[in-house]
Amino acid sequence: MVTLAEVAQHAGVSASTVSYVLSGKRSISATTRQRVERSIQELGYHPNAGARALASNRSNIIALMVPLRTDMYVPVMMEIAIAVATSARTHGYDVLLLTGEEGPDAVRRVTGSGLADAMILMDVELDDERLPLLRATDQPSVLIGLPADTTGLTCVDLDFGATGALCAEHLALLGHRDIAVIGEAPAVYERHTGFAERTLDGLRARARELGLRVLHRPCEGGYDAMALTLARIFDERPGTTGFVVQNESAVEPLLALLRQKGRAVPEDVSVIAICPDQVATQASVRLTSVAIPAQDMGRHAVEHLIAKLEGRGKDELVLLAPELTVRASTGLAPSAP
């Protein structure tokens, strides 16, 4: 393994100069820095992580807290996590993935042990128990998600309130008046998970303004659960012609059940999904959808965290504007002119 002394000899400088180039603690001339960096590259030198951490008081690690629950759509969570890891690497940071449901204990473990220089938290609840600890520590953090109170926090998320409103507007424009929202599993709402609550709030508020009737039903997903949910919807609101689905595992069962009931999409009923583009485009009917910008969310979170680590960041709220893509699953309501 190449040593720092060998890099110094190759570059024709002292070992301390190489150390200063690596740590950035002293100003080094551009010519010398380039010579050292060229030697590092040619020799394939990698600083010892433990020694670097002791020298800089930094671990160059970001902790990413992603509770992988069975009631969440894991592929989206992992796409965000991969985006975080990829973006962090471009800034010289590695990612420590914490997937348990430890809540505040995980925050205490990271802040108390020096495991990581900063934290990114996902699966944010409206009244998240981790937030008081984040506000009490000096360690930089960013949330991918939006709690009820964002004071003293940096949050990055899709604007789920605007997403819900956009779905209501699209269906209203097509003449639909009775809308059913097929939501996430009941446990997601019981935890008051931010994205699900905000989507529903935004949709309901815009629906009231537009004179639409909305029926919301959580759903575990899967064929059997979707069959029971759909039967309840048509029993309560037989005139339902518009569906908004915020549950990836319910998408294909819903389309299959509608076919079985003789309700054609989009001639009889329209369906909008809030889901990744891959889910929307690979469904048995190409779905009109609002995409989940997983890569953008991960990248923005890392960029804001790096700014904080470098002392130039501030607490702020970053909401990504939703984009609705019209495909084959939405059309005029049957009674619309």
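This is a predicted model: local features need pLDDT of at least 70, side-chain atom pairs count only at pLDDT 80 or more; totals for chains, interfaces and linings use all residues.

Trainee: Great. How many salt bridges are there in the whole structure?

Mentor: A search of the whole structure turns up 18 salt bridges. One of them pairs Glu125 with Arg69, and their closest N and O atoms are 3.8 Å apart.

Trainee: Where do Glu125 and Arg69 lie?

Mentor: Glu125 is in the loop between strand S3 (118–121) and helix H7 (131–136), while Arg69 is in the loop between strand S1 (61–65) and helix H5 (74–90), so the pair ties together parts that are 56 residues apart in sequence.

Trainee: And are Glu125 and Arg69 buried or exposed?

Mentor: Both Glu125 and Arg69 are buried.

Trainee: OK, what about Arg213 and Asp178?

Mentor: Their side chains form a salt bridge as well, at 2.8 Å from N to O. Arg213 sits in strand S7 (residues 213–218) and Asp178 in strand S6 (residues 178–183), so this pair links distant parts of the chain, 35 residues apart.

Trainee: How accessible is Arg213?

Mentor: Arg213 has a relative accessible area of 45%, so it counts as partly exposed. Asp178 is at 14%, under the 20% cut-off, so it counts as buried.

Trainee: What about Glu310 and Arg312, buried or exposed?

Mentor: Glu310 is exposed at 52% relative accessible area, and Arg312 is exposed at 56%. They form a salt bridge with each other, the closest N and O atoms being 2.8 Å apart.

Trainee: Switching topic: how many cavities of 30 Å³ or more does the search find?

Mentor: It finds one cavity of 30 Å³ or more. The largest cavity holds about 330 Å³ of space. It is lined by 23 residues, and those closest to its centre are Met72, Val76, Met77, Phe160 and Phe195.

Trainee: Which helix gives the most to that lining?

Mentor: H5 does, with three residues. Both H5 and helix H10 (194–210) supply at least two residues each.

Trainee: And what is the lining of the largest cavity like by class?

Mentor: The lining has 14 nonpolar residues, along with four polar and five charged ones.

Trainee: Now the core. Which residues have the most contacts inside the largest nonpolar core?

Mentor: Those are Ile80, Ile120, Ile144 and Val244, in a core of 47 residues. Helix H14 (residues 294–309) provides the largest share of this core, seven residues.

Trainee: What does Ile80 touch?

Mentor: Leaving out residues up to four places away in sequence, Ile80 touches Met122, Ile144, Ala294, Met297 and Gly298. There is also a second, separate core of 26 residues, with Cys219, Val251, Leu258 and Val279 among them.

Trainee: Last one: which residues are buried in helix H12?

Mentor: In H12 (residues 248–260), the buried ones include Glu248, Ala250, Val251, Pro253 and Leu254. Leu255, Ala256, Leu257 and Leu258 are buried too.

Trainee: What covers the buried residues of H12?

Mentor: The cover includes H5, S6, helix H11 (223–236), strand S8 (242–245), strand S9 (270–274) and helix H13 (277–282). After H12 comes Gly262, which has a positive phi near 75 degrees.

Terms used:
Residues are numbered from 1 along each chain as its sequence is written. Side-chain values use heavy atoms; hydrogens and water are left out. A salt bridge is a side-chain nitrogen of Lys or Arg within 4 Å of a carboxyl oxygen of Asp or Glu. Helices (H or I, at least four residues) and strands (E, at least two) are DSSP runs, numbered from the N terminus. Buried means under 20% relative accessible area, exposed over 50%, partly exposed in between (1.4 Å probe, protein chains only). On a 1 Å grid over the protein atoms alone, a cavity is a set of points where a 1.4 Å probe fits but cannot get out, and a pocket is an open set with protein on both sides within 12 Å along at least five of seven lines; lining residues have an atom within 4 Å of a point. Grid points are joined across faces, edges and corners, and a volume is the space filled by probe spheres set on the points. Ala, Val, Leu, Ile, Met, Phe, Trp, Tyr, Cys and Pro count as nonpolar, Asp, Glu, Lys and Arg as charged, and the others, Gly among them, as polar. A nonpolar core is a set of buried Ala, Val, Leu, Ile, Met, Phe, Trp, Tyr and Cys residues joined through side-chain atoms within 4.5 Å. Contact means heavy atoms within 4.5 Å.
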